[in-house]
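Thanks for coming. Please have the sequence and the model open while I talk.

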Amino acid sequence: MEKRYLYRLLFMCMSSVLWACNGYLEEIPQNKQKLSTTEDYEQLLNNAYLTKSVLPYIDVLTDDMDYIVADRKPYYANSSDTYLGAHMWDNSIETTMPNGDEVFEKFYNSAYNTNVVIDNIDDATGSVLDETVVQITRNHVKGEAYALRAFRYFYLVNMYAAPYDPATCETTPGIPVNLETTADDKVYRRESLKKVYEQIVDDLKKAIPLLEENPMTTGKTRFSALAARALLARTYLYMQEWDLAIEQASAVIESNPMLFDLRSAGENPVIYTEAPLTEWTTEAVPGVGYLSEENANVLFVNGINELYIILSSDIAQTVFYPSETLYNSYEKGDVRKYYFMRRKSNGRIRYIKNRYYSMTYVDFVVQLSADYGYTRVLRTEEMYLILAEAYAHKTDGVATAVGYLNTLRETKFRTEDFETTGRLQAEDFTQQTLLETVWKERRREFCFEDQRWFDLRRTTRPSITHSGLNGSATLQKDDPRYVLQIPQKELNVNPEIGANPR
């Protein structure tokens with residue numbers, strides 16, 4: 001009997017780490033058939049973090065990107081064509097992707113690696129004699145694995161299942177959850193949304209104390225206790241557990257209240273300007289990357305800047321650009337408008353949120369690396385906006401919500417403009433208009449960080465129209481295509497999962 005694809009791809013992932021993955025084999029000899037040391041499991045976990053391009057298309061789905069067909073040169077290789085199916089919300093967005101939608105496979109592979117770590121790290125031997133140090137390493141790596149597994153399932157459920165609704169989550173289909181490492185031939189079926197989210201929360205609740213009680217210096221490309229807590233706050237927000245979201249986000253801010261302060265950048269005439277961007281240099285694009293792991297407000301980074309291929313502004317690469325509606329959503333004095341984007345001399349908008357990077361080529365092909373920045377980030381700004389949204393849902397929380405909004409906005413506006421156009425007043429809002437203001441603030445703050453699509457799904461699911469190569473397409477309000485289709489190769493061998501409605 002043929003083994004089901006979902007298991008097979010997970011098993012292949014483990015096999016590739018042991019036998020075929022060059023990066024891992026450089027650390028583990030080919031005659032070593034079993035992971036045994038804490039270093040082995042750390043290397044396996046490193047593989048699970050997926051530092052190569054995995055999900056370049058998520059923002060293409062949103063109202064934050066425009067496809068400008070007039071700029072398309074048919075005699076150039078054009079990567080935007082690869083993601084046109086996503087931009088036009090084809091019933092299956094992978095129709096224009098040569099390799100199909102690879103996210104499903106790669107994220108389940110990653111989750112499987114975390115299963116291996118969680119199940120076996122307790123028996124791993126250490127490279128030092130001090131058993132106390134070895135045990136700290138075991139516990140820390142296990143905590144990271146729990147957090148990373150939660151991170152992967154959070155993405156999977158928010159891409160391939162309906163948005164969470166407390167009233168219907170027990171009966172709404174979610175996604176398959178695999179916590180095993182055995183080679184049993186089994187059928188994979190969807191768990192309910194409720195069970196999927198419960199698994200994410202459970203993993204994070206296990207991760208946080210393991211990471212807090214067993215600290216190691218690993219850098220922001222790997223989960224820390226604070227990053228895991230930030231992800232838990234985000235998860236509770238999506239679950240509409242307002243008090244729990246407030247508790248977790250408050251704990252993060254208490255530990256790290258830092259925000260990326262743009263006030264001085266707003267006084268720099270090279271940054272805060274409508275003058276067209278005419279060259280791509282450090283002088284023309286000064287400042288630190290907004291999502292740099294070096295920033296004190298950044299807690300976790302994952303996924304090298306996959307948007308380079310989508311938003312490089314190189315005519316041979318793409319004709320996707322930041323949308324005019326996004327660009328015009330920023331108020332007078334909001335420095336983010338010019339720190340994240342700039343118009344070019346031809347009037348098109350260029351994405352610069354990750355700042356200047358020098359391009360590296362191999363055989364005329366751009367090689368992505370961490371130098372290009374990141375796209376999946378956990379940072380303190382999100383905690384302030386989680387608090388603002390959660391308090392806005394409480395009947396007596398309007399003033400508190402506005403306070404958190406103002407704390408964030410004050411660091412993003414020019415000082416001279418904040419009091420006139422930046423500061424919000426609680427008496428100007430109803431509960432509903434305040435929620436809409438929070439969602440607009442999230443759009444401005446988190447553009448091109450994988451968050452806009454998820455926010456559209458979980459809030460209003462509005463109607464959006466995109467232009468493409470052969471006309472336009474409209475995603476209707478509450479359209480079932482707000483849930484992405486399960487990749488066809490998975491449905492072919494595991495039909496019990498079931499296609500999403502269309």
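The model itself is predicted.

I start with a proline in a loop. Pro480 sits between strand 10, residues 471-475, and helix 18, residues 488-493. Leaving aside residues up to four places away in sequence, Pro480 touches Pro501 and Arg502. Asn500 is 20 residues from Pro480 in sequence, and their C-alpha atoms are 8.1 Å apart.

Now to helix 7, residues 193-213. Its 21 residues reach 31 Å from first C-alpha to last, close to the 30 Å expected. Its buried residues include Val196, Ile200, Leu204, Ala207 and Leu211. As a reminder, an α-helix has 3.6 residues a turn, so residues three or four places apart point the same way. What covers the buried residues of helix 7? The cover includes helix 6, residues 131-160, and helix 8, residues 225-238.

That brings me to helix 8. Here 13 of the 14 residues are buried, so by the under 20% cut-off this helix is mostly covered. Its end C-alpha atoms are 20 Å apart, which agrees with the 20 Å that 14 residues should span at 1.5 Å a residue. Just after helix 8 comes Gln240, with a positive phi of about 65 degrees.

That is where I stop.

Key
Residues are numbered from 1 along each chain as its sequence is written. This is a predicted model: local features need pLDDT of at least 70, side-chain atom pairs count only at pLDDT 80 or more; totals for chains, interfaces and linings use all residues. Side-chain values use heavy atoms; hydrogens and water are left out. Helices (H or I, at least four residues) and strands (E, at least two) are DSSP runs, numbered from the N terminus. Contact means heavy atoms within 4.5 Å. The expected span of a helix is 1.5 Å times one less than its number of residues. Buried means under 20% relative accessible area, exposed over 50%, partly exposed in between (1.4 Å probe, protein chains only).
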